[in-house]
Amino acid sequence: MSDFPSIFNEFSEARKNGFIKVKDLKEQGKKVVGVFCTYTPCEIIYASGAVPVSLCGMSEEPIPDAERDLPKNLCPLIKSSYGFALTEKCPYTYFSDLLVGETTCDGKKKMYEYLGKIKPMHVMQLPQAQDREHGLKVWKNEMIFLKEKLEKEFDVTISDEDLRKSIKLKNEERLLLQEFYSLGKLVPPAISGYEMYKVLEGTGFSFDKKEQNNNIRRMIDDLKADYEKNGTKVDKNAKRILVTGCPMGGTVDKVVKTIEENGGVVVCYENCGGVKEKAMLVDESKDPMEALAEKYLSIPCSVMAPNDGRMELLNTLIDEYKIEGVVDLTLQACHTYNIETKRVRDFVINEKAIPYMSLETDYSKADIGQIKTRISAFIEML
Ligand code: BJ8
């Protein structure tokens with residue numbers, strides 16, 4: 001396979017390059033809204049004329065500062081996100097005019113109380129179950145509440161037409177990203193899991209969605225043409241791995257690189273950043289708020305109880321991507337994903353008859369050796 005198109009590098013560097021872009025946007029008078037979770041209905045933020053940017057902390061750097069206010073025994077994603085706001089070390093947090101979070105896990109929602117003292121903060125009350133009709137009503141009301149907050153905060157009016165336009169644009173992005181990550185279905189896959197992750201991550205930091213969608217289209221076409229002509233650089237004997245569990249931005253080097261340096265290739269990410277949010281579109285034929293509430297409430301995250309949707313999604317993905325092993329990643333002190341490992345393990349081993357391993361880690365380098373030993377033993381066994 002030849003070198004990647006330059007557009008690929010652009011996506012994988014998007015987080016770094018976005019710092020300058022976000023500064024430029026601010027100078028042009030654009031509002032920036034910092035978000036933390038896949039449940040955030042970004043369509044409403046776009047409809048207000050603002051741009052959403054992901055503030056999920058992915059580095060251990062600000063964690064010691066965060067631990068002045070937060071307990072040590074807390075998920076690194078929460079501590080890192082808070083630490084960046086506290087220390088003003090992350091330009092995205094620094095430039096955000098408003099932060100929007102949801103009552104997902106206990107750690108996040110309690111941390112938002114402190115974050116609200118540093119930056120203007122709006123918290124959406126997320127229902128914790130998907131099987132009650134009144135849950136959907138609550139969530140739709142929360143959508144309307146967010147819309148009103150944005151209108152007031154930014155002195156704008158958000159019409160249904162504005163919402164429909166942003167829903168369409170986000171759906172286009174989802175369809176393109178579905179096509180992109182489906183390149184992992186090829187045997188052998190067209191690109192490594194590490195490269196795939198970097199592109200998917202980069203879309204959270206591309207602010208002009210129209211331009212971004214054109215670039216993704218071009219990149220997919222180039223990758224497909226290249227695969228046809230030159231094949232792939234991924235080893236055809238590499239074991240096909242699906243990664244599920246917590247968001248992995250802060251652990252991708254430690255986990256994905258290790259999988260791929262030890263005879264495996266990640267062909268599918270079920271977690272946030274991967275398929276979880278992108279698998280379902282927003283219904284463009286319905287009332288926009290109704291459709292947004294339906295779509296976002298159906299995201300199968302472990303903060304939902306029960307979380308049957310995750311098993312359904314895993315079931316489909318394991319078959320479609322011809323998975324040979326499942327790696328379930330939990331960030332330390334994430335109770336919901338940690339508890340759900342039993343259900344996932346039972347499902348993968350007993351119902352899908354596929355090897356499974358769970359990994360609990362944080363953002364430090366302390367356990368790199370142990371992770372390498374465990375992952376290489378797992379892949380060798382496949
Ligand atoms: S939709 S996965 S982004 S909540 S912060 S739950 S790791 S203890 S991030 Fe998440 Fe939204 Fe769900 Fe996705 Fe655990 Fe940490 Fe909580 Fe976390």
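Predicted model: local features only at pLDDT ≥ 70, side-chain atom pairs only at ≥ 80, totals over all residues.
Close-up 1. Gly18 has a relative accessible area of 1%, so it is buried (under 20% relative accessible area, with a 1.4 Å probe and protein chains only). Beyond its neighbours within four places in sequence, Gly18 makes contact with Tyr92, Phe205 and Phe207 (contact: heavy atoms within 4.5 Å). Gly18 and Tyr92 sit 74 residues apart in sequence, with 8.6 Å between their C-alpha atoms.

**Close-up 2. Strand 3 and its partners.** In strand 3 (residues 98-102), five of five residues are buried. One side carries Leu98, Val100 and Glu102, the other Leu99 and Gly101. Strand 3 runs parallel to strand 1 (residues 32-35), joined by three bridges (strands pair if DSSP finds at least two bridges between them). Here Val33 stands opposite Leu98. Four bridges link strand 3 to strand 4 (residues 121-124), also in parallel, and Leu99 has Met121 as its bridge partner there.

**Close-up 3. The ligand shell.** Have a look around the ligand: 16 residues surround it, and the closest are Cys37, Cys105, Cys272, Cys301 and Cys334 (a residue counts if one of its heavy atoms lies within 4 Å).

**Notes.** Residues are numbered from 1 along each chain as its sequence is written. Local features need pLDDT of at least 70, side-chain atom pairs count only at pLDDT 80 or more, totals for chains, interfaces and linings use all residues, and side-chain values use heavy atoms, leaving out hydrogens and water.

Key. Buried < 20%, exposed > 50% of the residue type's maximum accessible area, 1.4 Å probe, protein only. Helix = DSSP H or I, 4+ residues; strand = E, 2+ residues; numbered from the N terminus.
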